[in-house]
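Subject: Structure for you to look at

Hello,

Here is the structure I promised to pass on. Please have a look, and then read my notes below.

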Amino acid sequence: MTDDKMENGNGARSANGAAAGAGATVELPVLTRKDFVSDQEVRWCPGCGDYSILAQTQKVMPDFGYPKENIVFISGIGCSGRLPYYMNTYGFHTIHGRAPAIATGLKAARPDLMVWVITGDGDALSIGGNHLIHSLRRNVDVRIVMFNNRIYGLTKGQASPTSELGKVTKSSPYGTIDFPVSPLAIALAAEASFIARSVDTHTEHLQKTLEAAGKHRGSTFVEVLQNCNIFNDGAFRDFTDREVREDRMLILENGQPMIFGKDRDKGIRLNKHLPEVVTIGENGVSEADLLVHDETDPLIAWMLAHLWWPDFPVPVGIVRNLTRPTHDQMLSDQIAQATSTRGAGDLKRLLNAGETWTVE
Amino acid sequence: MNPAALKANLGELPAGGALIVNEDAFTAQNLQKVGYAANPLTDGSLKQWNVFNVPISTLNGRALEGLGLTNKQVDLTKNFFALGLMFWLYERDMAGTTAWIDDKFSKRPEIAEANKRALKAGYNFGETTEIFHERYIVPPAKLAAGHYRNITGNEATALGFVAASKLAGRDLFYGSYPITPASDILHQLAGYKNFGVKTFQAEDEIAAIGAAIGASYGGAMGMTASSGPGIALKQEALGLAVMVELPLVVVDVQRSGPSTGMPTKTEQADLLQVLYGRNSDSPVAVVAPATPSECFLYAIEAWRLALKYMTPVVYMSDAFLATGAEPWRIPSLDDLPSIAVENRTEREGFYPYLRDETTLARPWAVPGTPGLEHRIGGLEKADILGNVSYDPENHHRMQLLRQAKIAGIAGDIPPLEVHGPAEGDLLVLGWGSTYGAIRSAVERLQSKGASIAHAQLRYLNPLPANTGEVVSSYKRVLIPEVNLGQLSMLIRARFLIDAIGYNRVRGKPFRIAELEAEAERILQTIGATVR
């Protein structure tokens, strides 16, 4: 275990659930992916992108230094909602859209836990939109992983808030008349302190992204583009397929120019204030002209949230990463401060406060 | 009284009662505003009452001359003049009110001075004029020996939850969304951070209960509060708490409805919503304190049941109870029950839905406990194992188990107490804040020789074990409720007795006189004599 991992959080350091004192180190058993596999049979449709997300999630879990009993997975309703059953940690499969609210209460009561929320585009952006927004803006220290397949899968194929305009589904035989929403833009507007995107089949990138999400402290939103091979097969194929992805996706690296393409010859440049795709070496464009990614820049983040194929390459990676005090930390601080200025609560004194009198 | 107040309240005053009016307020304009064609002070319509005309505005204005206040400010103090007059009439000491004024207006001494002067002027007016021929002395209420303070239902509720947290040795987590008349509980608890109380003003009612469920999942005492419209929004999450069998307390400070209704006015019409307003058979325990003082004890009781039986408990209050105040005998901490329960830590033989043989509670295994990693959720669970199950017989068994767990609480709560004869002509059965009006009406009729008794339910689910026996011991059962007959329906359905409802939903508590008249009417229908 590296020092870096030791400093991840309160619960990361002790195997018995209680936070150890600063600097204390307790030897933890070395965990592997297998330790996080539950005894429940996985019941997603064969070929579903969720299998890959589950595998990467199980794979990164040992990296965070938390004993597995201190990790909790909370989900809402939808295909994604099943994931907690397959994790050999604590898990809570809740009701439609409300997982972020339940996670907020759990994290407030138990700052020592590492809490993940698993959700989908319908669960998070439609019925649970309000909870998503408010858990993000409060900087609740919870990692929200949203599986975006642009369809309602569990209910067998209705349009979702991310379905493209005009999409023909069971509930929209003449095509949807609803404009889709950008999940990243919602997360940005809600002031999430960590925002990223990855793809179910890009296992290495997904693993790296989940790892970074797990190490962040504060509200963490990861959109995973996920293929539903039954109800919306090939939703992202145009830019995620192996043959085209390098030319059609932009892998973000903090502090690095936005370069993409099989030949690493394309890039994003700002023309006045708007992005444009340019080719290095053409029309006098050099690498120095390209926009450099900055995970703390709100304008870059806003721009990235709106880049989409075919006008632009689809950005993946960490869009935003800020350090801010977390909700549970501020709550604990207030309690500590009230206790130090007013003394620990004295129930007898509280009951007898104000004007009192005695009847003989 | 000004014309508007006269019009609104005259119906409450028995004939021969004293009526004190501010005659300055009976201007043509004020009379017209509330629809008086003629001045009731001069048209003889108030003959049956004992009317005292006092030019309160004029007298008060004179008393405050020289303080440099605007006319409007002077006018605002006139209620203190009227209050001072009442102090004189009832021979009461004004020191408490004077101190309250000093405290309330400590940052505006000139306003404090004006109000105190108005108060004294009213008192002196009573003393120096001779328009009142009688004064009244109300002897101190007969209270049991002890140490007292005044308390409202909401205050007692908040204190009760802090006490419950101490008694259980767990942190209180209170998730809430602002709503009248429940918000005061949030305000009060938010100030108790040094008691380890964590308050969370949620983005909506659903998040408030969701966060509370999350906190309870983590081993804290998660709770939420709202009023009728908010409770409606919480029902799905409450069903989740029923399914995952976690301790949770939900406060419903009822108000007049439906929809937004009359938010500041009282009603008792959420009983069926709380019992049956969720999908499927979804039993929760329900307690209902009857007085502001009782709110304290039932807050603790709600938590005792929630922790012991691993269940959501709904605590029903209402606007009348929440804002009504009364002297409260402050309990000694030694008299309060211990309600602590243990978390499950033993790995050997652990199953998430293996129940305690007596209480049928499942184990509370909180995250952070090594070796007990397990998954819970809203999907039906296999008995004992707790894995997802669609087995038909298992679902039937689990439905019965959930029901039996709540029903079993009847053996752990006191029997329904009867005030009056154990059998007889008439039982008046109530619940919640109707306690005071029912008790007084029944006592009046008892003093007139009627065979009448009163019982007030503090537990609505399950009902006390002897409820059937009690309601079957009288020729008639009268159930007054500030709703259209919800408890009546339950009692009729459950015990097959022809209970008679008395139902008025005006946003106001019952008057003693109307309950007395209704009870007397029923007694007469069975030929019972009342002196």
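The domain bounds used here come from an automatic or database domain assignment. Chain B is assigned domain 1 (3-128), domain 2 (150-335) and domain 3 (424-525). Between domain 1 of chain B and domain 3 of chain B, the C-alpha centres are 38 Å apart.

A word on conventions: this is a predicted model, in which local features need pLDDT of at least 70 and side-chain atom pairs count only at pLDDT 80 or more, while totals for chains, interfaces and linings use all residues. Residues are numbered from 1 along each chain as its sequence is written, chains are lettered from A and ligands numbered from 1 in the order in which they are written, and side-chain values use heavy atoms, with hydrogens and water left out.

Now the interface. Chain B contributes 66 residues to the contact and chain A 61, where contact means heavy atoms within 4.5 Å. About 5000 Å² is buried between chain B and chain A, 62% of it from carbon and sulfur atoms; buried area is the accessible area (1.4 Å probe) that two parts lose on being put together, summed over both. On the chain B side, Asn194(B), Glu203(B) and Arg375(B) lose the most area to chain A, together 15% of what that side buries.

Which residues of H16(B) meet H19(B)? They are Ala437(B), Ile438(B), Ser440(B), Ala441(B), Arg444(B) and Leu445(B). Helices here are DSSP runs (H or I, at least four residues), numbered from the N terminus.

Best wishes

Methods. Helix = DSSP H or I, 4+ residues; strand = E, 2+ residues; numbered from the N terminus.
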